[in-house]
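This report looks at charged pairs, nonpolar packing and a few individual residues.

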Amino acid sequence: MLTAKEIRESFKSFFASKGHQIVPSAPMVVKDDPTLMFTNAGMNQFKNIFLGQAAAKYPRVADSQKCLRVSGKHNDLEEVGHDTYHHTMFEMLGNWSFGDYFKKEAIAWAWEYLTGVLKLDPDRLYATVFEGSAEDGVPRDDEAAGYWAEFLPAERIINGNKHDNFWEMGDTGPCGPCSEIHIDLRPDEERARVSGLSLVNHDHPQVIEIWNLVFMQFNRKADGSLEPLPARNIDTGMGFERLCMAVQGKTSNYDTDVFQPIIKEIGRLCEVTYGQDEKTDIAMRVIADHIRTIAFSITDGQLPSNAKAGYVIRRILRRAVRYGYTFLGRRRPFLYRLLPALIDSMGSAYPELQAQQVLVERVIKEEEEAFLRTLETGIKLLDKKMETLKAAHGTTLDGRDVFTLYDTFGFPLDLTELILRENGLQADIEGFNAEMQQQKERARHAAAVETGDWVILKDQESGFVGYDFTEYDVEIIRYRKVSQKGKTFYQLALDHTPFYAEMGGQIGDTGYLEADGKKITVRDVKKENNLSVHIVDELPEDPTQTFHAVVNAGRRQKISANHTATHLLHEALRQVLGTHVEQKGSYVSDKLLRFDFSHYQKLTPEEIRRVEHLVNDKIRACIALDEHRNVPIAEARQMGAMALFGEKYGDEVRVVRYGTSIELCGGTHISNTGRIGAFRILTESSIAAGVRRIEAITGEQVEEFTDALVDNMVEIKELLNNSPKLVEALHRMIDENKDYKKQVEGFMAEKAAMVKETVKQRAEVRNGITILSLNASLLPADAVKNIAFQLRGEMGDNFLFVAGTEFDGKPLLTVMLGADLTNRGLNAGALVRQAATHIQGNGGGQAHFAVAGGKDVQGLAAAIQAVIDAVTC
């Protein structure tokens, strides 16, 4: 039996003997064609020749081409693993003629290779030919049928329709009839019962197409008509995996030696045996298929990412990880360990696999690690959602929940749908799409961030040495470029780093990297997929050299002091308020600390003071740091360590202890509480039901705060004639102010009464309506309002009061209407809005009373007249 390697080589050798130039496979990832992300057919690399945009270097060509079909027209992803013959990545064996031979040779050589070289049973082969199209004016392909008749009986030469047997590159361009070769791999007894003729092109897993011969003889014009090509071409494509299945006598592509070495390695790593359980078999087939796609994509330069082709690869990789997680019990990365088996199977034909093995393994492992972390959390969430849905006798998971899995936990939609299907449920796709659209709308208004792929310099993990060092000699192990808001910066990962990455509420360190006298500023450090990412504005000229990393030690000291203070604050709150207090969040910077905790009511000034005193007592006690690293979690709890809110801890933890304050913590801390200096609470507030927030400062900030308080006290004392008893002096001043205020109010009331009487005396009647008007200054709004309501009680129901007053340089228009006027449909609010244009203002109110403010005092008289005219006209 021929092996896959022998079959591949036999194809190349056969067509080389027929005068074909054997060319290497084009990359599977397409870089120079905006219409394609991946090579999805063997002819892609010859597209320009077929389109007449380039001359053929050789008239006859053959190759084995790496192809990927996973999205768009050829979306086979859902079937992969569940049947025996769909794949994402596959090889296409092909031979081409550019204006040289045509149907006769193509058919004859195909038959010779299949039956003469590979020894396939001729009785199991069928050929299809184009039945013709009256619409296009193309008759049945009798020419091809005639050549097939030399090898096959007429009953096994089948007419095919335009969908199956007329190939077109696109809406326009080269096209032509095609002839497919199908093989019936069923057992003889089954073939005897059911003729293969009835199964051709009917998706039977053992009656399959293995080779398509395309006869390019027409050009499809823009108007849809066809014209003959001046040079006719041959384009053939044969699925390598299916061919191997036929030659090796298998009923599944996955049973051939194309996949079996990989499947056996999966079984070894996962301790499962292929063929014993359908679910694990599907998982093993999925992984065996996907590892090929992932590896070849990376070798062709396409790393997993969140955009375009990179997202397709990430999606395939995550699908493989998910199947391993769910059906094979894999909780740690293992896909990358399949590379040796893949290389052994395909490395000789595609040497780029072995040449880039280290890179491929690193990239896959990193992606696995990242997705495994989100998978566990996301799947547990989905399990809960499904449990709730089933309990309610529902069948469809809400689109918002599906989107949360996608957006928060990195679940591609198809993974969620797959898990739901396995549990007899479905996803609300319409709701998901609505949520997705809303996110896109939000994204349009947010700053776009473009993150490049990692450039990997060294294959190793990054270690944190910042507990012990603020300076360290380091090397860059990877870097990438990031663009945002028109600015470009870089992210670096170091083999060892003294820089603390933002995590657990503590902000990242800053500092610099120095080499050969040149400093690269590190302006922040973030944690990404458990990797410390150092943000710099420029990339070193030589990223491979050794750098001296220096943390801004003064800033780190302040951050560490604030972090230690949160531990002391936590303990003090529990002592003062009770053991129900638990941390709910924190923020630690060099400027301040913020601590969120569970408590049911506002702290009293006395409680705040007690907490401050307890913390400052610990500071003055100069308690040394008692740190324990890599402590078993059970032992840490026995020590009395306080675990933080919702935090996940591994088997080993770090314990930070200052006397009776004992917590599990990964942040940086000072060596002695005395180095905090001092502690002061600035604010205490509510941020949610049952959750309070304290903001506080330490060290130099406390000094600055205290200095500001003292400065204010000195200034106040000076204002109070340096009274030795400041509080008494303030009370005395306040009491005097109250007395003065009462006197002013009395004077204003007397003035208002006088103004009201004057207004009444000047009243006039127009069209039966009593008109009272006022144009005055130095009357506050309250006084005018009081006059208006007093007049309403004194003047009956048929009156208008309109006042234009000025106070503090601002105009005010006031309108009061009697009941008779409002009953007639007049509205004070409408009147003031119309008249307010004269004072460059606006206003409103009720039907009987309204006011308007403005900017132009000079327009008050006109505004008053406008109101009178509107009422009396």
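Predicted model: local features only at pLDDT ≥ 70, side-chain atom pairs only at ≥ 80, totals over all residues.

E112 is partly exposed, with a relative accessible area of 34%.

A further bridge joins E612 and R680, whose closest N and O atoms are 3.5 Å apart. E612 is part of helix 18 (residues 605–620) and R680 of strand 27 (residues 679–688), so this pair ties together parts that are 68 residues apart in sequence. E612 counts as buried at 11% relative accessibility, whereas R680, at 30%, counts as partly exposed. A search of the whole structure finds 49 salt bridges, and D121, R124, D184, R186, D188, E190 and R191 are linked in a network of such bridges.

## Nonpolar cores

The largest nonpolar core has 122 residues, of which Y113, L114, W148, W211, L243 and L335 touch the most other members. Helix 9 (residues 278–299) gives the most to this core, contributing eleven residues. A second, separate core of 27 residues includes A561, L569, F595 and Y658.

What does L243 contact, leaving aside its neighbours within four places in sequence? L243 is in contact with I7, L93, Y113, L114, L118, L120 and M238.

## The surroundings of S179

S179 is placed in strand 7 (residues 173–184). With a relative accessible area of 0%, S179 is buried, because that value lies under the 20% limit. The side chain of S179 reaches the backbone oxygen of T128 at 2.6 Å. Not counting residues up to four places away in sequence, S179 touches T128, V129, W148, N165, W211, N212, L213 and F215; W148 and W211 are also among the residues that touch the most other members of the largest nonpolar core.

## A loop residue, E538

E538 is found in the loop between strand 20 (531–536) and strand 21 (546–551), and at 36% relative accessibility this residue counts as partly exposed. E538 and K481 are 57 residues apart in sequence, and their C-alpha atoms are 9.5 Å apart in space. Apart from neighbours within four places in sequence, the contacts of E538 are with Y490, K518, K519 and I520.

## A nonpolar patch on the surface

On the surface, M713, I716, L730, M733 and I734 form a nonpolar patch that together has about 400 Å² of accessible area. Helix 20 (699–719) and helix 21 (726–761) are the elements that give two or more residues to the patch, and the largest share, three residues, comes from helix 21. Which element holds I734? I734 is in helix 21, where this residue is partly exposed, with a relative accessible area of 42%.

Note on methods. Residues numbered from 1 in each chain as written. Heavy atoms only, no water. Helix = DSSP H or I, 4+ residues; strand = E, 2+ residues; numbered from the N terminus. Buried < 20%, exposed > 50% of the residue type's maximum accessible area, 1.4 Å probe, protein only. Polar contact = N/O pair within 3.5 Å; in protein donor to acceptor, adjacent residues only side chain to side chain. Contact = heavy atoms within 4.5 Å. Core = buried A, V, L, I, M, F, W, Y, C linked by side-chain atoms within 4.5 Å. Patch = residues over 30% accessible without salt bridge, like charges linked within 9 Å, V, L, I, M, F, W, Y side chains within 5 Å. Areas by Shrake-Rupley, 256 points an atom, 1.4 Å probe, with all protein chains shown as cover. Salt bridge = Lys/Arg side-chain N within 4 Å of Asp/Glu carboxyl O.
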